[in-house]
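I opened my notebook to look up a few things in this structure. Here is the model I worked from.

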Amino acid sequence: SSYTIKDFTIFACAIVTDEKYKVPNRNAEIAEDAHDIVIDGIKAKYISHFSDQTGNWQSQWSSNTGFVISGRNNIIKNCILQYAAGPIICVFGFGNKVLNNTILEANYTVTNSGALNTEAACFDCEIGFNNIQNTPMQAISYKGFKNSNPNNKGIARIHHNKIANAMTRTWDSGAIDAVALDGQFIRIDHNEIFTTTAEGKK
């Protein structure tokens, strides 16, 4: 906890903040020992690869591949991240931030996990000023994204993201997507969605 990883160039690997992120149902917990971590200025290519879709093809890769930002008050920012079989960033926990990243060519196996996703416990997090391009499914899948206290509206926020060429191989979703979610007054604003399918813009 309380460290910074900055300005590395990496290949065929990723960074995770919670060593137990692959434990079943781990995404329903908050990793209390992973907090105040900053991941800044990373350049990464070929972040993940898999061909196994034998589980739930829609969600088996939602929280356990790519850069996994789990815990409390962690930040990933100013990174350029390209090529992944599933999501490039998975974020869950409390008060985490995903800011000013470029996310390119994610999720080429067309899972229901998007290029960037949140999971079962993702409270008071912020996703903003990211540039997400060229993904066959959602750009941002925000299931589990919510305010911890509905009286404090808009703390959990998805804003000022630029999304291009999402939903290129699918239709039953959207560029920014969730289903059956009570976000407890989350705020989604000032996102630009362009050069994508008509379905993705709905």
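Is Cys-122 buried or exposed? I found Cys-122 buried, with a relative accessible area of 0%. Buried means under 20% relative accessible area, exposed over 50%, partly exposed in between (1.4 Å probe, protein chains only).

I noted the ground rules. This is a predicted model, where local features need pLDDT of at least 70, side-chain atom pairs count only at pLDDT 80 or more, and totals for chains, interfaces and linings use all residues. Residues are numbered from 1 along each chain as its sequence is written, and side-chain values use heavy atoms, without hydrogens and water.

I found zero disulfides in the structure; a disulfide is a pair of cysteine sulfur atoms within 2.5 Å. Cys-122 is in none, and its nearest cysteine sulfur, that of Cys-125, is 3.5 Å away.

Then I checked charges over rings (NZ of Lys or CZ of Arg within 6 Å of the ring centre and within 35 degrees of the ring normal). The charged end of Arg-72 sits over the ring of Phe-94, 4.9 Å from its centre. The charged end of Lys-153 sits over the ring of Phe-185, 4.4 Å from its centre.

Last, aromatic pairs. I searched the whole structure and got two. Ring centres of Phe, Tyr and Trp (its six-membered ring) must lie within 6.5 Å; planes under 30 degrees apart count as stacked, over 60 as edge-to-face and the rest as tilted. Phe-11, Tyr-46 and Tyr-83 form one aromatic cluster.
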